[in-house]
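User: Please take me through the model shown below, one question at a time.

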Amino acid sequence: MTTEKLSGKRAIITGGSRGIGFSTAKALAAHGVNLLISGKNPESIAKAAKAVADEYRNITVMPFAADLSSKETPQAIIYEAVNKLGGIDFLINNAGISLSKPLENTEEDEWDAVMTVNAKAPYFLCKYALPHLRKSIHPVIIQIASVVAFKGYEHQSAYAASKHAILGFTKTLTKEVQNDGIRVYTISPGGVATDMATAIRPDLDTTDLIHPDEIAETLVYLLQQTGNAMIDNISLHRFTKPGWL
Ligand code: NAD
């Protein structure tokens with residue numbers, strides 16, 4: 001199998017301040033990838049970028065604080081990445097929020113928030129990134145969806161709808177950019193030991209869950225692919241205790 005060296009490439013990772021996004025930032029930095037990592041909280045994203053930059057001094061790590069609920073943010077992230085990194089090779093749509101509520105108790109503004117951050121923002125990040133990705137010799141988009149992009153779990157109707165949405169538009173996007181050589185992947189994890197999982201299921205022992213570094217390793221593997229084999233969707237489930245996500 002042929003693989004691409006990642007050193008010197010330029011990646012955007014949304015939601016890079018913690019959890020899967022932070023693990024991904026560290027994994028890509030270890031491969032010499034220059035990064036723009038975005039997050040909602042300015043202090044958290046600056047701290048995360050500093051931690052990565054302090055460990056990997058041979059790369060650029062740009063923090064970008066912006067709320068993906070805002071209409072202007074996707075375009076602003078792309079503009080910043082192109083200006084600061086000189087272009088974009090990889091777009092990793094990772095940022096997301098969850099909501100654990102019965103459908104009947106879900107308010108309209110909660111539905112809007114989940115759909116905006118998890119589906120609308122990635123959609124427009126893809127849109128604005130495409131002209132820049134077309135200039136890359138190894139352009140890749142990776143969407144972090146979820147097993148709830150395929151399944152339904154009680155109290156996760158809005159979250160599941162948003163993850164079905166990202167999977168849906170990604171299937172179409174994959175076809176639309178195939179002839180441009182842009183690879184588009186979706187990773188659909190089960191429960192990952194992050195703040196999000198703890199917020200939804202505080203009863204779970206996080207040592208039972210997937211470690212965020214395992215998602216990051218999967219992502220690195222996908223980014224390195226250059227052959228003709230197309231991987232449609234990668235789902236990661238817990239090995240030891242099937243049943244929850
Ligand atoms: P997390 O809560 O640990 O981190 C979420 C990140 O998204 C943070 O960096 C946060 O700043 C950013 N973010 C949230 N809202 C934002 C907003 N409005 N504007 C800008 N940035 C915002 O979550 P995580 O578990 O690392 O999840 C990352 C992705 O993986 C999400 O898309 C999530 O849906 C998905 N996922 C998580 C799990 C899990 O069990 N943790 C399982 C499947 C899929």
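User: Which residues lie nearest the centre of the second largest pocket?
Analyst: A pocket is an open set of points on a 1 Å grid over the protein atoms alone, with protein on both sides within 12 Å along at least five of seven lines; lining residues have an atom within 4 Å of a point. By that rule 17 residues line the second largest pocket. Nearest its centre are Thr-174, Val-184, Met-230, Ile-231 and Asp-232.

User: What pLDDT do local features need here?
Analyst: Residues are numbered from 1 along each chain as its sequence is written, and side-chain values use heavy atoms, with hydrogens and water left out. This is a predicted model, where totals for chains, interfaces and linings use all residues, side-chain atom pairs count only at pLDDT 80 or more, and local features need pLDDT of at least 70.

User: Which element supplies the largest share of the lining of the second largest pocket?
Analyst: Helices (H or I, at least four residues) and strands (E, at least two) are DSSP runs, numbered from the N terminus. Helix 5 and strand 6 each supply at least two residues of this lining. The largest share, 5 residues, comes from helix 5.

User: What is the volume of the largest pocket?
Analyst: Of its 39 lining residues, Arg-18, Ala-95, Gly-96, Ile-97 and Met-196 are the closest to the centre. Helix 6 (195–200) gives the most to this lining, with 4 residues. A volume is the space filled by probe spheres set on the grid points, which are joined across faces, edges and corners. For the largest pocket the volume is about 850 Å³.

User: How many charged residues are in the lining of the largest pocket?
Analyst: Ala, Val, Leu, Ile, Met, Phe, Trp, Tyr, Cys and Pro count as nonpolar, Asp, Glu, Lys and Arg as charged, and the others, Gly among them, as polar. The lining has 18 nonpolar and 16 polar residues, and the charged residues number 5.

User: Which element gives the most to the lining of the largest cavity?
Analyst: A cavity is a set of grid points where a 1.4 Å probe fits but cannot get out. The largest cavity has a volume of about 30 Å³, and its lining includes Thr-14, Asn-93 and Val-117. The lining has 6 nonpolar, 3 polar and no charged residues. With 4 residues, the most comes from helix 4.

User: Which strands stand at the edges of the open sheet?
Analyst: The sheet has 7 strands in the order 3-2-1-4-5-6-7, with parallel pairing (two strands pair if DSSP finds at least two bridges between them). Each edge strand has a single partner, so one side of each is left without a neighbour in the sheet. These are strand 3 (61–65) and strand 7 (233–236).

User: What angle does the direction of helix 4 make with that of strand 4?
Analyst: Helix 4 (residues 108–133) packs on the sheet, touching strand 1, strand 4 and strand 5, where contact means heavy atoms within 4.5 Å. Axes are lines fitted to C-alpha atoms, for helices over the stretch in contact, and angles run from 0 to 180 degrees between N-to-C directions. With strand 4 the angle is about 175°.

User: Is the ring pair of Phe-124 and Tyr-128 stacked, edge-to-face or tilted?
Analyst: Rings of Phe, Tyr and Trp (its six-membered ring) pair if their centres lie within 6.5 Å; planes under 30 degrees apart count as stacked, over 60 as edge-to-face and the rest as tilted. Phe-124 and Tyr-128 are 4 residues apart in helix 4, about one helical turn. Their ring centres are 6.5 Å apart and their planes at 35°, so the pair is tilted.
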